[in-house]
Amino acid sequence: MNEGGAVLPWLVIRQDGNGNQYRVGRYATEDEAKRIADSLDGRGQERLYWVERVSQAAR
């Protein structure tokens, strides 16, 4: 998948206290996605953030 012609294979996913999952954003590098997930995760709320790579088949 891409946005504006750029390939953004890294997703940040959020899971709330009820188990609902949401895509927070897409990023070009794993490091960038991890920095975002870590910054959001550190806010002390009942939410879990993690990074996933989009598979080639999903593109």
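**Reading a helix against a sheet**

User: How many residues does helix 1 have, and what span from first C-alpha to last is expected?

Analyst: In this predicted model, helix 1 (residues 30-41) has twelve residues; its end-to-end C-alpha distance is 16 Å, close to the 16 Å expected at 1.5 Å a residue.

User: Which residues of helix 1 are buried, and why do they fall on the same side?

Analyst: The general idea is that an α-helix has 3.6 residues a turn, so residues three or four places apart point the same way. Here, Ala33, Ala37 and Leu40 are the buried residues of helix 1. They lie on the same side of helix 1 because their arc around the axis is only 65°. Asp31, Arg35 and Asp38 are exposed on the face turned away from that buried side.

User: What covers the buried residues of helix 1?

Analyst: The cover includes strand 3, strand 4 and strand 5. Helix 1 lies across these three strands and runs at about 170° to strand 5.

User: In what order do the strands of the open sheet come?

Analyst: The order is 4-3-5, with antiparallel pairing. Strand 4 and strand 5 (48-53) are the edge strands, each pairing on one side only. On average, neighbouring strands are turned by 25° against each other, direction ignored.

Key: Residues numbered from 1 in each chain as written. Predicted model: local features only at pLDDT ≥ 70, side-chain atom pairs only at ≥ 80, totals over all residues. Heavy atoms only, no water. Pairing = 2+ DSSP bridges. Helix = DSSP H or I, 4+ residues; strand = E, 2+ residues; numbered from the N terminus. Axes fitted to C-alpha atoms, helices over the stretch in contact; angles between N-to-C directions. Contact = heavy atoms within 4.5 Å. Expected span 1.5 Å × (residues − 1). Buried < 20%, exposed > 50% of the residue type's maximum accessible area, 1.4 Å probe, protein only. Arc of directions from axis to C-beta.
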